[in-house]
Each structure stands twice: as C-alpha cells, then as structure tokens.
Amino acid sequence: MQSKIQKISTNLWFDTQAEAAVNYYTSIFKNSKIGRITRYGKVRHDPSEMEQGSVMTIQFSLEGLDFVALNGGPHFKFTEAISFIVHCDSQEEIDYYWDKLSKDGDKSSQVCGWLKDQFGVSWQIVPSILPQLLNDPNLEKSERVMKAVLQTKTKINLNELIKAYESDSPSSI
C-alpha cells in the first residue's frame with residue numbers, strides 16, 4: 001500500500017551536500033524523519049557530475065512538512081528570495097533554533113531574525129506571536145514592534161518586542 005504523498009513539497013537543490021544537510025536538519029528538529037534515498041545509477045543527466053551509487057535524492061520531513069533534497073551539481077544556489085520560517089513560542093526556542101541553524105552559517109546574512117545556514121539556506125527564526133503584534137489594531141503599538149524588529153541586528157529578542165508593544169511611549173525603542 002502506498003502512503004499519501006503531500007500535494008506540494010519543497011525540493012532543495014544542493015551541489016553534493018544533500019545527505020549532510022538532511023542529517024543536519026533532522027538532528028535539529030525533534031519532529032523529523034528521513035525517508036527514501038534514491039541513488040544515481042548508470043543513467044544520469046551528466047555522467048561526469050555524479051558518481052554511480054552516490055545520493056541523488058533524499059526524502060525527509062521536518063515538523064510534518066515533506067521535503068526532497070537533491071544532489072544536482074553546482075548549477076543553482078540558494079538565495080534569500082526563499083526562506084523557511086520557524087515559529088517559536090519562547091525566547092528559549094528562538095535561541096535554540098538560532099544557535100543550531102546559524103552555526104557555521106553566513107554571519108553577514110544575520111539580520112531581523114533572518115539567517116543563512118552553512119548550506120546557504122535562509123531561515124527566519126521568529127516568535128509565534130509576531131504576526132499578532134504587528135497586526136494589532138492600535139497602529140502605534142504595531143509600529144513600535146516593527147521598529148524593534150527592524151533594529152534587530154541578529155536574532156530577535158522576544159522580551160524587547162513585548163516591551164515595545166506594551167510601552168506607553170510612541171518613541172520607545
């Protein structure tokens with residue numbers, strides 16, 4: 001019996017690091033698993049690029065979302081135009097994901113809760129409450145929160161956002 005396939009899943013194109021990336025991501029997210037691994041055979045799009053028997057694709061899931069990691073060669077690179085948002089319920093959770101995903105990543109790409117990991121994949125580590133704070137009917141409150149986010153040099157500090165939100169002064173932060 002075949003299990004139901006997620007209607008839309010994300011494909012991540014790596015040069016040759018798909019297996020390392022999948023192992024890395026599944027070690028960070030508690031609710032994760034590695035699925036089917038497909039290997040290159042004799043028939044390949046360009047035999048000079050990948051060795052026979054090397055990993056072609058790996059199916060994996062993180063927090064219930066299905067992904068495919070592909071070793072496709074050096075033709076394409078990740079950009080910040082696509083990022084994965086990790087919604088966090090506490091500063092402890094923000095710190096955990098930030099520390100794990102930013103390890104050996106591009107330090108120059110760390111701003112406003114965004115980071116680029118060691119494989120070049122972009123992530124946003126944000127408090128789960130952020131959309132609620134930014135969409136508050138009180139425009140002054142939501143603008144203070146946005147100002148606090150935009151002033152963040154690396155990871156977001158949840159206490160600073162709440163402080164900005166609860167402040168009586170429109171000029172705080």
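**Ground rules.** I am working with a predicted model, where local features need pLDDT of at least 70, side-chain atom pairs count only at pLDDT 80 or more, and totals for chains, interfaces and linings use all residues. Residues are numbered from 1 along each chain as its sequence is written, and side-chain values use heavy atoms, with hydrogens and water left out.

**Entry 1, a sheet.** I looked up the strand order and found an open sheet of four strands, β1-β4-β3-β2, with mixed pairing. Strands here are DSSP E runs of at least two residues, and helices are H or I runs of at least four, both numbered from the N terminus; two strands pair if DSSP finds at least two bridges between them. The edges are β1 (10–14) and β2 (32–39), each with a single partner strand, so one side of each has no neighbour in the sheet. From one strand to the next, the twist averages 20 degrees. I then checked β1 against β4 (residues 65–71): the two run parallel and are joined by five bridges. Trp-13 has Leu-70 of β4 as its bridge partner.

What does α1 lie across? I find it across β1, β2, β3 (55–62) and β4, running at about 15 degrees to β3. Angles run from 0 to 180 degrees between N-to-C directions, with axes fitted to C-alpha atoms, for helices over the stretch in contact.

Helix α1 (residues 18–28) packs against helix α2 (residues 91–102) at about 165 degrees, with the axes 10 Å apart. That makes the two roughly antiparallel, a label for angles over 145 degrees. On the α1 side I listed Tyr-24, Tyr-25, Ser-27 and Ile-28, and on the α2 side Tyr-96, Tyr-97, Lys-100 and Leu-101; contact means heavy atoms within 4.5 Å. Sorted by type, the residues of this contact are six nonpolar, one polar and one charged.

**Entry 4, another sheet.** I also found four strands in an open sheet ordered β5-β8-β7-β6, with mixed pairing. Here β5 (83–88) and β6 (106–111) stand at the edges, each with a single partner strand, so one side of each is left without a neighbour in the sheet. Neighbouring strands are turned by 25 degrees against each other on average, direction ignored. Two bridges join β6 to β7 (residues 114–116), and the strands run antiparallel. In the hairpin of β6 and β7, two residues lie between the strands, and Cys-112 takes a positive phi near 55 degrees.

Asp-106 stands opposite Lys-116 of β7.

Helix α4 (residues 139–150) and helix α5 (residues 158–166) pack at about 150 degrees, with axes 8 Å apart. These helices are therefore roughly antiparallel to each other. Lys-141, Arg-144, Val-145, Ala-148 and Val-149 of α4 meet Leu-161, Ala-164, Tyr-165 and Glu-166 of α5.

Terms used: Angles under 35 degrees count as roughly parallel, over 145 as roughly antiparallel, 65 to 115 as roughly perpendicular and the rest as oblique. Ala, Val, Leu, Ile, Met, Phe, Trp, Tyr, Cys and Pro count as nonpolar, Asp, Glu, Lys and Arg as charged, and the others, Gly among them, as polar.
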